[in-house]
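Let's take a friendly walk through a protein model, one piece at a time.

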Amino acid sequence: MPEPRDPQLLKGVLPMLTLAALTREETYGYELVTVLRDAGLDDLSTGTLYPVLTRLERDGLLISRLVASASGPARKYYRLSAPGRAALAAQRDAWVDLVATAERVLGAAAPPTDPPDAAAPVPAPTGSPR
């Protein structure tokens, strides 16, 4: 069973992933959750995504409009604004740089080992001290 994802890692990249997912087409919040879940964010909830959409819209990176729905209340559709496209390009470049740095550091790190057992007997010193 895989380890649960660190929520702080997701929190850091979710705005960028949201912008990226919206480059394809205008969509509404729940459909966007479905797209991101299908991409591998299995545990993403609407309660996590909607505040991100609100903040991105408040920052001028998204534009929204209400569209009447025959099956219920009007849906709010989101699309990228011009500043949103520029922000996504800058974030994508920063992400690529960060991943390269992380791979260099992780690749140079020694594999983790188990700490020595404190209850294990300490081997006797060899040779005599001078």
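Before we look at any residues, here's how they get sorted: Ala, Val, Leu, Ile, Met, Phe, Trp, Tyr, Cys and Pro count as nonpolar, Asp, Glu, Lys and Arg as charged, and the others, Gly among them, as polar. Keep in mind that this is a predicted model.

Now for the largest pocket. What is its volume? About 190 Å³. Its lining is made up of R5, L9, L10, V13, L17, L41, W95, L98, V99 and A102. Sort those residues by class and you get nine nonpolar, no polar and one charged. Two helices, α1 and α4 (82-108), each supply at least two residues of that lining.

Next, the helices. Two packed helices are described by the angle between their axes and the distance between the axes. For helix α1 (residues 7-21) and helix α2 (residues 29-38), the angle is about 105 degrees and the axes are 11 Å apart. Angles of 65 to 115 degrees count as roughly perpendicular, so α1 is roughly perpendicular to α2. Where do they meet? On the α1 side you'll find L14, L17, T18 and A21, and they meet L32, V35 and L36 in α2. By class, this contact has six nonpolar residues, one polar and no charged ones. L17 turns up here, and L17 is also in the lining of the largest pocket.

On to the sheet. Strands of a sheet pair through backbone hydrogen bonds, either parallel or antiparallel. Here there's an open sheet of three strands in the order β1-β3-β2, with antiparallel pairing.

β2 and strand β3 (residues 72-80) run antiparallel and are joined by seven bridges. The two form a hairpin, with two residues between them. Here are two facing positions to look up:

Technical notes:
Residues numbered from 1 in each chain as written. Predicted model: local features only at pLDDT ≥ 70, side-chain atom pairs only at ≥ 80, totals over all residues. Heavy atoms only, no water. Axes fitted to C-alpha atoms, helices over the stretch in contact; angles between N-to-C directions. Helix = DSSP H or I, 4+ residues; strand = E, 2+ residues; numbered from the N terminus. Parallel < 35°, antiparallel > 145°, perpendicular 65-115°, else oblique. Contact = heavy atoms within 4.5 Å. 1 Å grid on protein atoms, 1.4 Å probe; cavity = no way out; pocket = protein on both sides within 12 Å on 5 of 7 lines; lining within 4 Å. Points joined across faces, edges and corners; volume = space filled by probe spheres on them. Pairing = 2+ DSSP bridges.
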